[in-house]
Amino acid sequence: LLGPLGRVSLSVVAGLALIVFGVRLLFRRYHLLGQGLSGAGFVTLYFAFYAASPLYHLMGQAPAFVLMACVTAAAGALAVLYRTPMIAVVGLVGGYATPVMLSRGGGSELFFYSYVLLLGVGVLGVSLARRWLSLNVLGMVAAYGLAFAYCAHHHGAAHAFHGLLFLSAVHLLYLLSVVLGNLRRRMPTTVVEWLAVLLNAGLYWCWVMVLFHPAFGKAGTGLVALAMTAVYVALLYACLARKSDDRTFLDLLLALSSVFLALSPVLLLPGDWLTLAWCLQALAMVWMARRSGSRLLDVLGLVLFALATVRGLCLDLYRLYGVEDPEVLR
């Protein structure tokens, strides 16, 4: 009975009505219902504005993006103002579910990436005001899930590179949600945040290996590993410059930077030079550990030196001397 314009208009009116009615119920007898209705209202607005652009082509992508940015800002502001995390969670779930529900509507690559990053910026803004760990984890997992589903259908170097830029921004956003929150509140991070940082790094690296590596090979993947090392070192330096006393979180950033730094020569250097590169890196790590008093860096350096030793004895020695049987060397 309704054309595209009528459907979108009715959805916008319904979304606004749900938000207004839900807010009126907050801090009363039906407080929980009010949170749910408000969150559903924001979901409806996301659905309406997303459908108006890629599905029905009633407006350009730029106006639709601006309207959805307003929805994101309003949902975050309302959740922070009324201290109601359920509004933020329901709105976030609806925002990430909208591209899935409208997946047949098309839409450009830039629009999709901008939309998902917009939601990530909203989560970052809320995390700076309120320490809602579940919101950060949920947003991160949803963003990576959408990215995997979207990028899996695109092939070629150009699409892989665009996907890498997008996922790098997602990776950095959810790193900053932990780092900036920790520096702002001067509160020690929790186990949930440590696991979220590890999950963030793991999901990002899995995407790099599954979708980026086939298009750009070992050299390109090694450069990504070096870039990740630089990011973690920069965040570690920022925490030290702000005199953060969260030793466990600093050690976690140090460990991640060391792991990706050790991965980079595996991908960038030929096998003959890998053992030497690991030995030099281990020597630098142990020297820095003795100067800074970092026990973790000392242990990581010794572990890396042990790996280099095992590789040298088990692989390099036989290859250099052309010996296959260890008994001959004995």
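Helix 10 gives the largest share of the nonpolar surface patch, 3 residues, where helices are DSSP runs of H or I with at least four residues, numbered from the N terminus. The patch covers about 710 Å² and is made by Leu-223, Leu-226, Leu-261, Leu-268, Leu-269, Trp-273, Leu-276 and Leu-280. Its members are residues with over 30% relative accessible area and no salt bridge, and nonpolar side chains (Val, Leu, Ile, Met, Phe, Trp, Tyr) are joined within 5 Å; a salt bridge is a side-chain nitrogen of Lys or Arg within 4 Å of a carboxyl oxygen of Asp or Glu, and accessible areas come from the Shrake-Rupley method with a 1.4 Å probe. Two or more residues come from each of helix 8, helix 9 (247–268) and helix 10 (271–292).

The model is predicted, with local features needing pLDDT of at least 70 and side-chain atom pairs counting only at pLDDT 80 or more, whereas totals for chains, interfaces and linings use all residues. Residues are numbered from 1 along each chain as its sequence is written, and side-chain values use heavy atoms, with hydrogens and water left out.

Leu-226, one of the patch residues, lies in helix 8 and is partly exposed at 34% relative accessible area, on a scale where buried means under 20%, exposed over 50% and partly exposed in between (1.4 Å probe, protein chains only).

The aromatic rings come next. Rings of Phe, Tyr and Trp (its six-membered ring) pair if their centres lie within 6.5 Å, and planes under 30 degrees apart count as stacked, over 60 as edge-to-face and the rest as tilted. Tyr-50 and Phe-111 form a tilted one, with 5.5 Å from centre to centre and 55 degrees between the planes. Because Tyr-50 lies in helix 2 (residues 31–55) and Phe-111 in helix 5 (residues 109–129), this pair ties together parts that are 61 residues apart in sequence. Tyr-50 is buried at 4% relative accessibility, and Phe-111 is buried with a relative accessible area of 4%. The pair of Phe-212 and Phe-216, by contrast, is stacked, at 4.5 Å centre to centre and 15 degrees between the planes. Both of these residues lie in helix 8 (residues 191–241), 4 residues apart, about one turn of the helix; Phe-212 is buried at 4%, while Phe-216 is partly exposed at 32%. Ring pairs also link Tyr-46, Tyr-50, Phe-111 and Tyr-115 into a cluster.

Arg-29, in the loop between helix 1 (4–25) and helix 2, is exposed at 75% relative accessibility. Arg-29 and Phe-212 are 183 residues apart in sequence and 52 Å apart in space, C-alpha to C-alpha.

Methods. Patches are made of residues with over 30% relative accessible area and no salt bridge: like charges are joined within 9 Å, nonpolar side chains (Val, Leu, Ile, Met, Phe, Trp, Tyr) within 5 Å.
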